[in-house]
Each structure stands twice: as structure tokens, then as C-alpha cells.
Amino acid sequence: MKIKRYLLATCFVCLLSAGAARAASEGSGAPTIIPHKTNPNEDALTAGSTGVMSPPITYHGGLVMGTPTVYLIWYGNWNQGNGSDTSGGQAIIRDFIYGLNNSSYYQINASYGTATGMVNRSSAEYVDHYSQGSRLTDTAVQTVVRNAIASGKLGPPDVNGVYFVLTSSDVSERSGFCTKYCGWHTASTIAGTNIKYAFVGNANRCLSACAAQTVGPNGNAGVDGMVSVIAHELEESNTDPDPVSGWADSRGAENGDKCAWTFGANPQGPANAQYNMTLPAISGGSRNYLVQRNLDVNSKCYVDYATKQQ
Ligand SMILES: [Zn+2]
């Protein structure tokens, strides 16, 4: 497995005052749109002799989600039939969200109280063929989400939803995909509802920055790289939906940030196609994934919460 250099993350959210934590109720005003972005070289912060990541994560009094429903928005062209932009790539991501539900990995998130360790996957999806072009801005990503919700194809606006904009590898995100981050999440009032959404770009665009390996356990390096970033953004959306009013450390790092790009001690499989978890697939059977660890409420990174495997 490629060893990444760990640099301290640029803190995109530290300008938010901890004292500005919002009430847990919904619709309490439009949050400022400051996406929480994942640096490709993010973290990990220093772990002490007890394995506790420093500084520890704490609760800031704001919203924490219960069981999130994941909505997939496929942006660009996911049926190019080559590289990573294939229906096979989409199937990997669908299977991953399906397999996360109540997994011993996602149970790490259940340690935060109201989060349950459960994940719903909406079978309703939305396809957007370049309505905002192939060079997106943060605002354009929000427009994609707004249009997807307005279409009605994803059902009514879902306050418990996390809407993922997933781009094909010919699409860039101009605020820094591949150079400053691999994904981000935020929340905004859309259709009168507090909507949580995330951007995760196709890692095939920049494997050296946004994928941990060059082949991947499913033979699709770009998408195999994306699933780890999707896990990261989903976990953070779950425990800190309005950054940073939920769970974050004193520097603004959320749970996913503090274990980013670490995969535990026991990845298996051949070089460049390693995996650290096996999850059930939609059509039966299972798939292997290499997914970054996640932080529990006691500020320790785990890959499996049932066995407490770090
Ligand atoms: Zn993050």
C-alpha cells in the first residue's frame, strides 16, 4: 500500500466560532456555506501512547443526525464504458453504501449517541449530464443538488438525507479537487429544508492524490478510491452535519479527518489491491474495500468496532 505523507490539514472551518453552534432544531436559519473539505494529505493528527488522537473530539451542542439516507447524484457521464466511469463503477458505490448499513465499521459512528450505525440507501437516484458544465464550482455543486431535489425524482426534500454529488473523471471541481481535497460536505437550506450534501470527485482523475492504491480491490482504482472518501464525508455529515457545530476537535477536525488515510494494521490482498473490510453486496455475495478508519467518541481510530480492531 502506498504510504502517504501526513501533513496537517488546512483548516477550512476554523473561522466559525465555536460559540456560534446552532440549535439542534431544523430550519433554524440558513447555515453559512463553508464546505468542510478533505485534504488529500490530511492529518492524521498525533496519537498519544493510549492511541487517543490529540486534541480529542468534543461536542459543540449542535445538530447530529440519526440514521442518514444516502442519495446518489451521478454527475457527468458515468456510462463512458472505459476507465472508471462505468456502470460497474456505479455498482461498486451502490454496494458500498448498502454494505455500510449496520456494519461493524459504521458502528464506530454509533458511539456518538444519536447516530445509530445504520445507513439507508435510497434506491432512487438522479443523473445530471453536465448541466453545470465540466468545471464545477462549489456553488454549481449546490445547484446540482437543488435541481436534483426539485426534480422530485429523489422524493421530498429529506432532512435526514445526505445528497452525494459524484462526478465522472472528466469533471473538475475548481475550488481544489485533487489539489486541496478529495471531497467535502456541508449543509444549506434548499427547498425550505436543511439539506446536507457532499461532493466526492472521481479519484481516477488524480490517483496519486485521492486514491490509496493504483488498482483497488474491485479493479477500479478511481471508484475504489472514492468509496473511502465517501465513507469519510458520510461519517462527518452524520456527526457534524452543520460544520462545525456537532462533533469536532478544537481545530475544527471532524471524526473522519482525524483518521484520514489510515487503514489499520491488517489490510489483506495483493499489493495495490488491498482491502481491510468485506461487506455484503446488494445482489448477494460480498465485496472487499479499503476504507479509511474512523474516530470513535473516545478519540480512537478503528476499522472494526465489533472486534475493536484499530
Ligand atoms: Zn473531513
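The donor residues of the zinc ion follow the sequence spacing H-x3-E-x20-D, where donors are N, O and S atoms within 2.8 Å of the metal (3.2 Å for Na, K and Ca); water is not among the atoms, so sites may look incomplete. The model is predicted: local features need pLDDT of at least 70 and side-chain atom pairs pLDDT 80 or more, while totals for chains, interfaces and linings use all residues. Residues are numbered from 1 along each chain as its sequence is written, and side-chain values use heavy atoms, without hydrogens and water.

The protein donors are His-232 (NE2), Glu-236 (OE), Glu-236 (OE) and Asp-257 (OD), at 2.0 to 2.4 Å from the zinc ion. Distant parts of the chain are linked by His-232 in helix α5 (residues 221-239) and Asp-257 in helix α6 (residues 255-259), 25 residues apart; helices are DSSP runs of H or I with at least four residues, strands runs of E with at least two, both numbered from the N terminus. Both His-232 and Asp-257 are buried (under 20% relative accessible area, with a 1.4 Å probe and protein chains only).

In α5, 19 of 19 residues are buried. The end C-alpha atoms of α5 are 28 Å apart, in agreement with the 27 Å that its 19 residues should span at 1.5 Å a residue, the expected span being 1.5 Å times one less than the number of residues.

Buried residues of helix α1 include Gly-89, Ile-92, Phe-96 and Leu-100. The buried residues of α1 pack against elements including α5, β3 (69-75) and β7 (161-167), contact meaning heavy atoms within 4.5 Å. Asn-102, with a positive phi near 60°, follows α1.

How values were computed. Buried < 20%, exposed > 50% of the residue type's maximum accessible area, 1.4 Å probe, protein only.
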